[in-house]
Amino acid sequence: MEETPVTCQEITKMVSRYIDNQLNDKEMESFIQHVRSCPSCYEELETYFIISLATRVLDDSSAANYNIKALLEQNLKENEKRLRHRKIRFWLCLFLILIFLVLDVLLTLHWLGILPFPFAF
Ligand SMILES: [Zn+2]
């Protein structure tokens, strides 16, 4: 799959269309991809999202209410995915650090002659 690089400027132009669900699949993909990896664009989207939410809540039509729910659900799902990935990365780092720490201690003890290994080093 070809990845089209999108600039922050292009993303800024797409934000309102994203909020209105008017992006096509390809635009949506590059938009989400960019927003996920670009904190400043994400912040921009968040601001627009809150503003659009506030203005749509003032509208009585149930279609608008449905849109808010769908958009919010979509937004929440993306956030959940992001958090999940971040958590996995965190635990993986912690796990690796712990392994290195344990190995370091074991090797030091071995080197000091305190801990003889059953296998040769
Ligand atoms: Zn950006």
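Buried residues have under 20% relative accessible area, exposed ones over 50%, and partly exposed ones lie in between (1.4 Å probe, protein chains only). This is a predicted model, in which local features need pLDDT of at least 70 and side-chain atom pairs count only at pLDDT 80 or more, while totals for chains, interfaces and linings use all residues. Residues are numbered from 1 along each chain as its sequence is written, and side-chain values use heavy atoms, with hydrogens and water left out.

**Overall make-up**

- The protein chain contains 4 helices and 0 strands; helices (H or I, at least four residues) and strands (E, at least two) are DSSP runs, numbered from the N terminus.
- Along the sequence, the pattern of the protein chain is α-α-α-α.
- Of the 121 residues in the protein chain, 22% are buried.

**Helix H1**

- Helix H1 covers residues 8–19, which is 12 residues, and spans 16 Å from its first C-alpha to its last, close to the 16 Å expected at 1.5 Å a residue. The expected span is 1.5 Å times one less than the number of residues.
- The buried residues in H1 are Ile11, Met14, Val15, Tyr18 and Ile19. They lie on the same side of H1 because they cover an arc of only 140° around the axis, the arc being that of the directions from the helix axis to the C-beta atoms.
- Exposed Gln9 and Lys13 sit on the face of H1 turned away from its buried side.
- Asn21 follows H1 and has a positive phi, near 60°.

**Zinc site**

- Cys8 (SG), His34 (NE2), Cys38 (SG) and Cys41 (SG) coordinate the zinc ion at 2.0 to 2.3 Å. Donors are N, O and S atoms within 2.8 Å of the metal (3.2 Å for Na, K and Ca); water is not among the atoms, so sites may look incomplete.
- The angles among the 4 donor atoms are 98 to 114°, and the site is tetrahedral, a label given to four donors if all angles lie between 85 and 135 degrees.
- Along the chain, the donors have the spacing C-x25-H-x3-C-x2-C. Cys8 is in helix H1 and Cys41 in helix H3 (residues 39–57), so this pair ties together parts 33 residues apart in sequence.
- Cys8 is partly exposed, at 36% relative accessibility, whereas Cys41 is buried, at 4%.

**Nonpolar core**

- A nonpolar core is a set of buried Ala, Val, Leu, Ile, Met, Phe, Trp, Tyr and Cys residues joined through side-chain atoms within 4.5 Å.
- The largest such core has 17 residues, and Ile11, Tyr18, Phe31, Val35 and Leu45 have the most contacts inside it.
- H1, helix H2 (25–37) and H3 each give two or more residues to this core, and H1 gives the most, with 5 residues.

Definitions and conventions:
Tetrahedral: all angles 85-135°; square planar, octahedral: opposite > 155°, others 65-115°.
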